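I opened this entry to look up strand pairing, the ligand shell and the nonpolar core. My notes follow in that order.

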Amino acid sequence: MAAPIIRIRDLWTQFDQFVVHQDLNLEVRQGEILSLVGGSGSGKTTLLRQMLGLEKPTRGHVEVFGEDIHRAGGARLRQLRNRWGMLFQHGALFSALSTLDNVAQPMRELGVLPEELIRDAALLKLDMVGITPKDAQKMPADLSGGMVKRVALARALALEPELLFLDEPTAGLDPDLSESFVSLISSLHQQMRLTVVMVTHDLDTLFALSTKIAVLADKRVIALGAPKEVIALPHSFIQRFFLGERGKRALEVLREKEMETNHGK
Ligand SMILES: Nc1ncnc2c1ncn2[C@@H]1O[C@H](COP(=O)(O)OP(=O)(O)OP(=O)(O)O)[C@@H](O)[C@H]1O
């Protein structure tokens, strides 16, 4: 079995008297695309921020690449941060920087690479997500919503991370754009041998990408496994979330995908 890239142990999160996570455990292994699902307020975003070292849990351990990131010092945490990329829900590009400079910025921050190399690498990353050198000169305000997502993805991949975090990657995209963004993530996952952790409410995206699903309910991860295994569990949240009307179509997609895979064998 592949080594855990993320290991969360006995994690508690409490805001005043309000307990969000209680003895939560989770492992993400190399090469997985793990989706975190749960009801509104179940603590998905908080958990994601804790994995990124942006928020500290009340108790417990969050290990990324074998290190407890909440006990690592500032310099060490910065080094670890260079090994993962994050795609925020709304793209979060710097509006005052051109598309190219947005992607170049994480490389410039390292302060060691020559400018020419940075420009070439940024253009290469943009090419990987289907953005032309001409569009690379544009400002973020002049890009479409779908392009902003692609540029934000190129920026998240700028430092060739081993791990990629995605927060609602297809939110705000129409179904066609959403589908093409999903295939882009899927091919980059293979090409770059990435491990991916994502939060999504969109069942089409969830079933199209996830190799594993972690379900957050009752303040813990109540289920972790392959999509097919997880949706078969009798927990009431799981049944409501996956097997309502909106879940049925997504499930058909999962079955089609399975048939294609079996066909290809
Ligand atoms: N800094 C904070 N101070 C107080 N309460 C907080 C704070 N951050 C999060 N919470 C609370 O913790 C709970 C979990 O929030 P979180 O945003 O992680 O949930 P979520 O599962 O991502 O929800 P959604 O799907 O609606 O985005 C919520 O009840 C939220 O109000």
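I count two strands as paired if DSSP finds at least two bridges between them. The model is predicted.

Strands. I began with β1, residues 4-15, and β2, residues 18-29. The two run antiparallel and are joined by 8 bridges. For one pair I looked up P4, which stands opposite R29 in β2. I then checked the connection: β1 and β2 form a hairpin with 2 residues between them. In that turn, D16 has a positive phi of about 50°.

I next asked what else β1 pairs with. Strand β4, residues 59-64, is joined to β1 by 5 bridges, again in an antiparallel arrangement. Here I noted I6, whose bridge partner in β4 is V64.

Ligand shell. I listed the residues around the ligand as F15, V20, G38, S40, G41, S42, G43, K44, T45 and T46. Which element gives the most to this shell? I found that helix α1, residues 44-51, does, with 3 residues. By class I recorded 7 polar, 2 nonpolar and 1 charged in the shell.

Core. The largest nonpolar core holds 65 residues. I looked for the members that touch the most others and got A154 and V197. I followed up V197 and left out residues up to four places away in sequence. On that basis V197 touches I6, V28, L34, L36, M51 and F165.

Terms used. Residues are numbered from 1 along each chain as its sequence is written. This is a predicted model: local features need pLDDT of at least 70, side-chain atom pairs count only at pLDDT 80 or more; totals for chains, interfaces and linings use all residues. A nonpolar core is a set of buried Ala, Val, Leu, Ile, Met, Phe, Trp, Tyr and Cys residues joined through C-beta atoms within 7 Å. A residue is buried if 20 or more other C-beta atoms lie within 10 Å of its own, exposed if 12 or fewer, and partly exposed in between; C-beta atoms are placed from the backbone. Two residues are in contact if their C-beta atoms, placed from the backbone, lie within 7 Å. A residue is near a molecule or strand if its C-beta atom, placed from the backbone, lies within 6 Å of it. Helices (H or I, at least four residues) and strands (E, at least two) are DSSP runs, numbered from the N terminus. Ala, Val, Leu, Ile, Met, Phe, Trp, Tyr, Cys and Pro count as nonpolar, Asp, Glu, Lys and Arg as charged, and the others, Gly among them, as polar.
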